Amino acid sequence: MKGYPALLIVMLFLIACGQSNKKLPILGEREPTTKEIDGKMVTDTIYQTIPPFSFINQDSVIINNKDFDNSIYVADFFFTSCPSICPIMSKNLLKVLNKYKGNKEVKILSHSIDTKYDTPWVLKKYATKLGVNGDQWQFVHGSQESIYGIADKYMVYAKENSSAPGGFEHQGWLILIDKDKRIRGAYDGTNDEQVSQLMDDMDILLKEYH
Amino acid sequence: MRNPLISILFVCAVILVLANACQGEEEIKKAQFFANGKSLYTSNCENCHSQNGEGLSDLYPPLTDTSFLRGHRNQLACFVKYGIGQQLTVDNRKFDTKMPANSNLTDQEIAYILTYIGNSFGNELGLISTEEVSTSLKNCEIVE
């Protein structure tokens, strides 16, 4: 009987430690590189990162990768006239925005894959109706090559397809990117549980920088 | 000795069966339409109008404005079948996002869906029959 409280305390410690040490994986391709440091050969890993980009946002302002340098961010691909999964993704991203509202270290980046119709003006209207203002959540417009090209880098499938609902075929992933532009998680933006997981993981990721 | 619980259950079952028989044919039809409509709603409408009919911000209107639905009862089928491109005032707010058409839905399926939304989210429009939907669809004015 006497041993139980001690055991309990040990277990509590284990649980607590397990949590504070939890780190998110780094996803994507990786390459080992060897370089010389102080006369010794050291092997390091280069992780897949999001390459530099430049798009026009809902306020017709050019934004690029540097605007995201000091924040973690959630990226997704959508279009404003999307009849299928996007409304739910937007609704869930609204939850994320509300949780981190005003936090300069957290941003959201939504890329429109309907590069013809979704001009900055259309994106602005969409954002306003959704109840989003300010610059924490960026809705961006770009050329077809640049948008579809970057979707690949986020490992999200997107393609124009006239037989898909709304004319585009795409996946509802919400991709979590760290301050070094590495991919730290991918979550189904239409699934409530995965969206809560995303927010838990964002807390864990933010702790890496504090 | 018979278990009293079983006798109570039996009596309840008898009452239920009798009550059902007393229900008008329309009530039974309404319950059927409602049940079929629920799953059609989930696959065709819920993404925008949400599970509990509350819509999303000023983007997608709620389906909880009973007086709007009542007042537009004979246009609801047209809305669903052909989509909506006009400005609407719902829940005292203005909406002008386009609602896409559902040209693949049959009159019967539309009747199922309308009976579902017409009797959920605080609405009480009663049965919206297939015949009613077919009549409404003959008189659609499509505003682009």
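How many residues does the contact take from chain A, and how many from chain B? In this predicted model, 13 residues come from chain A and twelve residues from chain B. Between them, the two chains bury an area of about 1,000 Å², and carbon and sulfur atoms give 58% of that area. On the side of chain A, three residues stand out: A:Pro87, A:Lys91 and A:Lys129 supply 52% of the area that chain A buries against chain B, more than any other three residues.

Three salt bridges are counted between chain A and chain B. Two helices of chain A, α2 (86-99) and α3 (120-130), are the elements that give two or more residues to the side touching chain B. Sorted by class, that side of chain A has eight nonpolar, two polar and three charged residues.

Attention now turns to the helices inside chain B. Two packed helices are described by the angle between their axes and the distance between the axes. For helix α2 (residues 25-44) and helix α6 (residues 107-118) of chain B, the axes come within 7 Å and cross at roughly 95°. Angles of 65 to 115 degrees count as roughly perpendicular, and α2(B) and α6(B) are therefore roughly perpendicular to each other. From α2(B), the contact uses B:Lys30, B:Phe33, B:Phe34, B:Asn36, B:Gly37, B:Lys38, B:Leu40 and B:Tyr41. From α6(B), the partners are B:Gln108, B:Glu109, B:Ala111, B:Tyr112, B:Ile113, B:Thr115, B:Tyr116 and B:Ile117. Nine of the residues in this contact are nonpolar, four are polar and three are charged.

Helix α6(B) also packs against helix α7 (residues 130-138) of chain B, at an angle of about 110° and with the axes 8 Å apart. That angle makes α6(B) roughly perpendicular to α7(B). Here α6(B) brings B:Asp107, B:Gln108, B:Ile110, B:Ala111 and B:Leu114 to the contact, while α7(B) brings B:Thr130, B:Val133, B:Ser134 and B:Leu137. By class, five of these residues are nonpolar, three are polar and one is charged. B:Gln108 and B:Ala111 of α6(B) take part both in the contact with α2(B) and in the contact with α7(B).

Conventions. Residues are numbered from 1 along each chain as its sequence is written. Chains are lettered from A and ligands numbered from 1 in the order in which they are written. This is a predicted model: local features need pLDDT of at least 70, side-chain atom pairs count only at pLDDT 80 or more; totals for chains, interfaces and linings use all residues. Side-chain values use heavy atoms; hydrogens and water are left out. Axes are lines fitted to C-alpha atoms, for helices over the stretch in contact, and angles run from 0 to 180 degrees between N-to-C directions. Helices (H or I, at least four residues) and strands (E, at least two) are DSSP runs, numbered from the N terminus. Angles under 35 degrees count as roughly parallel, over 145 as roughly antiparallel, 65 to 115 as roughly perpendicular and the rest as oblique. Contact means heavy atoms within 4.5 Å. Ala, Val, Leu, Ile, Met, Phe, Trp, Tyr, Cys and Pro count as nonpolar, Asp, Glu, Lys and Arg as charged, and the others, Gly among them, as polar. Buried area is the accessible area (1.4 Å probe) that two parts lose on being put together, summed over both. A salt bridge is a side-chain nitrogen of Lys or Arg within 4 Å of a carboxyl oxygen of Asp or Glu.
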